[in-house]
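Dear colleague,

I am handing over the structure that we talked about, and I would be glad if you could look through it with the notes below beside you.

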Amino acid sequence: MRYLPLSSDDRAKMLKKIGVQDINELFDDVPRHALLKGFLDLPLHMTEMEVEQNFSAFAAKNIAAGSVPFFVGAGAYHHHVPSTVDYQIQRGEFLTAYTPYQPEISQGTLQTLYEFQTQVAQITGMDVANASMYDGSTACGEAALMARRVTKKKKVILSGNLHPQYIEVVKSATKYTDDNIIVNDPMVETTEDLINQIDDDTSCVIVQYPDFFGNIQDYSALAEALHNRKKLLVVVTTEIVALGAIKSPGEIGADIVVGEGQSIGNGLCYGGPYAGLFATRQKYVRQLPGRLCGETTDAEGKRGYVLTLSTREQHIRREKATSNICTNAGLCTLAFTIHMTLLGEKGYRQLAKINHAGAVKLRDKLATINGITVLNSTFFNEFTVRLNKDAAEVVEALVEHDVIAGLPISRLYPKNKELKNDLLIAVTETTSEDDMDILVEELKEVLK
Amino acid sequence: MMNNQGRPTNTSSVKNVSNIYETFTGSQGLSQAEGLIYEIGDTERTGVDFKEVNDFKSALGGMERTNEIGLAGLTEPEVMRHYTRLSRKNFAIDLGLYPLGSCTMKHNPRLNEKMARLSGLGDIHPLQPISTTQGALDLIDTLAHWLKTMTGMPAVAMSPKAGAHGELCGLMTIRAALEAKGDARSIVLAPESAHGTNPATASLCGYRVKPIPATEDGRVDLEAMKEALGPDVAAIMVTNPNTCGLFEREIIEIADAVHAVGGYFYCDGANFNAIVGKVRPGDLGVDAMHINLHKTFSTPHGGGGPGAGPVVLSEALAPFAPMPYVIAGEENFELIEHDPTGKSFGRMTAFHGQMGMFIRALSYMMSHGADGLAKVAEDSVLNANYVLASLKDIMSASFEGPCMHEALFDDRFLKDTGISTLDFAKAMIDEGYHPMTMYFPLVVHGAMLIEPTESESKQSVDQFIGMMRHLVEKAKAGEIERFTGAPHFAPLKRLDETGAARNPVLRWRANEGEE
Amino acid sequence: MTIYYSEDHEWINVEGSVGTVGITEYAQNALGDIVFVEVPEVGDEFAKGDEVSVVESVKAASEIYSPVTGEITAVNEDLEENAALVNSSPDGDGWFFKVTVSNKDELEELMDAGDYKTFIAGLE
């Protein structure tokens, strides 16, 4: 077997050294009746070619995002990733290293994390960022728990325009912590409404920016109202490219910023693995969940990096830890950092501009079609349209013509009948003008 | 004697000059110094070409970002060199035996990487129409089948994103099941040797942890556990094989006892590598267990993630599992994203879990097959016991063997040498190895937990053993500087962790150098 | 002025109705390099045995429990910038907080210097 180096001869010699006759003697502590007599009821080992054939067959039953006009976003975006990124993250020194517990032989990972933390702090407009969370949604749950630690209050107000699956994750993450989670209805709330909901028990308000439906709102007034009462504003950004075009959450007064970093450096991969971004203000640094990398010096005075402030973490604080998180999204953050370094300030802003320009162009094209109403007045690269028909049915009809038109809101809001004709449409730099024209023609046809 | 190009070709003129002068660059040959991107690059440089955009009317609603972000950019050749240089400052499995106990650092086949990048797998969107992702659902269902078969459990929740996330999922499922009976309870039992994630997880589920002591032979004290049991105990969390590298031989008694008081048996599956294909946790009375795909099934650790932690569940717990799940219908696969029964406790994450890790893990499983998986367990246990047998005369083994896939030693053999477990570990770095897990588990003093894994050859393990014996001899011979000054040959010497924690510098700033 | 010691290795130096609280030489030595101390706020009230404060070294964190029932009247703000004071002067500049001693009987449950010395000798 190609992955197992021991030969039968080796095994015999080693058993002899150990002083047993048979390998099963080493499994003596296993209850006799439970030790399997034969192999599991699963296929026997396969050659590389056979494995590849199996996976090619799986792949052939899917439609790849890049192979057709494709307009789905809603928290995961089809962007182009430069080839350098994938080469670097497959270097064995990065790919096959563990968490950097031995800093003297992990400076590659540690310095990259330090660069990552700096990049995330810069784009979110915050003081500090951690070394990543599992993804944006779990980071959002952690933000709710952190706001409680900071404010010692238990009520979390969730905007109705927050990604509905993020809402579900926050509710689950706090299900047994006796927090009180208030969730607003989708698409109707105003900033005023949120301000009016703040009371003494409130720990934070969580909003999305741009929001789930694509709108860009200025939350400065909300931030001020919260800060006046010593509450926190948590801002969630699921399309991190947007922050190359719009004001940073820090500028509008966020105290905790949560982001999904997938758009930079990471493929769609059916929902994971992604990279959760988590940033905050300096004064809350000891309440951060997850790993942190910090600068220090070695015994000879040379600059180096270590994991630090680990007393917040589960392996030391155990039940009093800020979070039970252990693993982060190491390799995904590396991809993020390399892609962001390739972009630089200039490329990041240009990428954002191209995304926005494309969305504006498609909006203009769609606005002329009978049977479509564009619901957004503001947006970055994603907006919602209301059709004159059930959006899920329209999307399925277009699949037949090899067009993936967007996300019918009803998939995530099956009970909200008022949203059943609404379609969320995303555009990225990978969307060509031809793609847009095909979508327009197909929609014209089906909405006739 | 000169050759005909006038260049000396032997080494007789070379003196030993290492470490006697500083180089201009700070590099030492192939060990190259490398600054931060912020010191090398600037905000004008970029490594990506984009088309220009024609003028258009913005729809940002007056929220344009006008200030400079400060992101440093580099051109492509510079990026390539920067990260390649950094990569060479890392130890990795590809470079050598990585005996980090409880972490299962085994070979990462590149076939798995290739499969995860196939078009149609790596580039599909989690929310594109379900009719266009039938292959993805088939793959998830197939992996679920393998996991259920290997564990002998009837159900699996696939979405948890790491081991600790899986633990949380498992314990929340247990709580939801207890609440459905109107009896949430308040206590979770966990052995003293448990991973730190266990108490942290229990606390997130609103449970208080009561620690259970270990017996002299490193296992759960069954009598003490029985005494701690009562109608208020929701579950016991036991790692098996445990963190001392031992199989809990009274596991069935443990399961029976907790079931007798109406509690559940949560098994931390971090060490599943030792028993895969040999014994099924479902046959041991386990109700829920997470499986670290990044340990047993070799998805790469990537410098700290991403992981994946599916949780296998008993029949009684399955209805309370989180969304989403896949159902194989007569013709198609269905993806259930909204709970039709109202029993599910909710959702662990947006979308459907770590698909990229599912692909790699399934590729690994198919490559091994039922026959190879049993060999994985056997060879990992064999390698660990071989290490134990070859070192126990000279180091202090904490428990009599046999061990499972990892061997635990403590620092008794270093008594009176003036050398600590940490010093010993750092000296291993000079020998070209990553140190073993140290100071964990907490139940022995100065713990050294060695997990060679099955992907090491006998030559490799023999060299490791020879190296360890050599270091022990040097330690006992009083060569203290070899240890207390170690590592001598790493890119950096020991780092000041106290300074880092007292004055945390967590990001680069433009004016940092001027302080 | 009398100094009392708890089994959690805290000392309380009582002057009149106010006690100054810190951790002992033995405790600072066991914790190693101390990097952070989280002190309570003036005006907070605690019962004897309540968790008041947290002290962190690089590799460990310990809760500090109030040795008496009372109200916090002062905290050592120098520790915020310089937690190392706890290592260099655990029974002096490294004090944590001052608390009112509302029930003098509670002091009787603590140890004096001699008893504490015997107590830590028994821990070795």
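To begin with chain B, the domain assignment gives domain 1 (113-365) and domain 2 (371-489), where domain bounds come from an automatic or database domain assignment. The C-alpha centres of these two domains of chain B lie 30 Å apart, and 25 residues of domain 1 of chain B are in contact (heavy atoms within 4.5 Å) with 19 residues of domain 2 of chain B.

Before going on, please keep in mind that this is a predicted model, in which local features need pLDDT of at least 70 and side-chain atom pairs count only at pLDDT 80 or more, while totals for chains, interfaces and linings use all residues. Residues are numbered from 1 along each chain as its sequence is written, chains are lettered from A and ligands numbered from 1 in the order in which they are written, and side-chain values use heavy atoms, with hydrogens and water left out.

Chain A is divided into domain 1 (8-54), domain 2 (65-80 + 344-447) and domain 3 (83-340), and the C-alpha centres of domain 1 and domain 3 of chain A are separated by 43 Å.

In chain A, the peptide bond between Tyr209(A) and Pro210(A) is cis, with omega about -15 degrees, and Pro210(A) sits in the loop between strand 4 (202-208) and helix 9 (220-228) of chain A; helices (H or I, at least four residues) and strands (E, at least two) are DSSP runs, numbered from the N terminus. In chain B, Gly305(B) and Pro306(B) are likewise joined by a cis peptide bond, with omega near 0 degrees, and Pro306(B) lies in the loop between strand 6 (288-290) and strand 7 (311-313) of chain B.

Ser102(B), although not a glycine, has a positive phi of about 75 degrees, and it is found in the loop between helix 2 (76-87) and helix 3 (110-116) of chain B. Is Ser102(B) buried or exposed? Ser102(B) counts as buried because its relative accessibility is 6%, where buried means under 20% relative accessible area, exposed over 50%, and partly exposed in between (1.4 Å probe, protein chains only).

In chain C, His9(C) has a positive phi of about 70 degrees without being a glycine, lies in the loop between strand 1 (2-5) and strand 2 (10-15) of chain C, and is buried at a relative accessible area of 14%.
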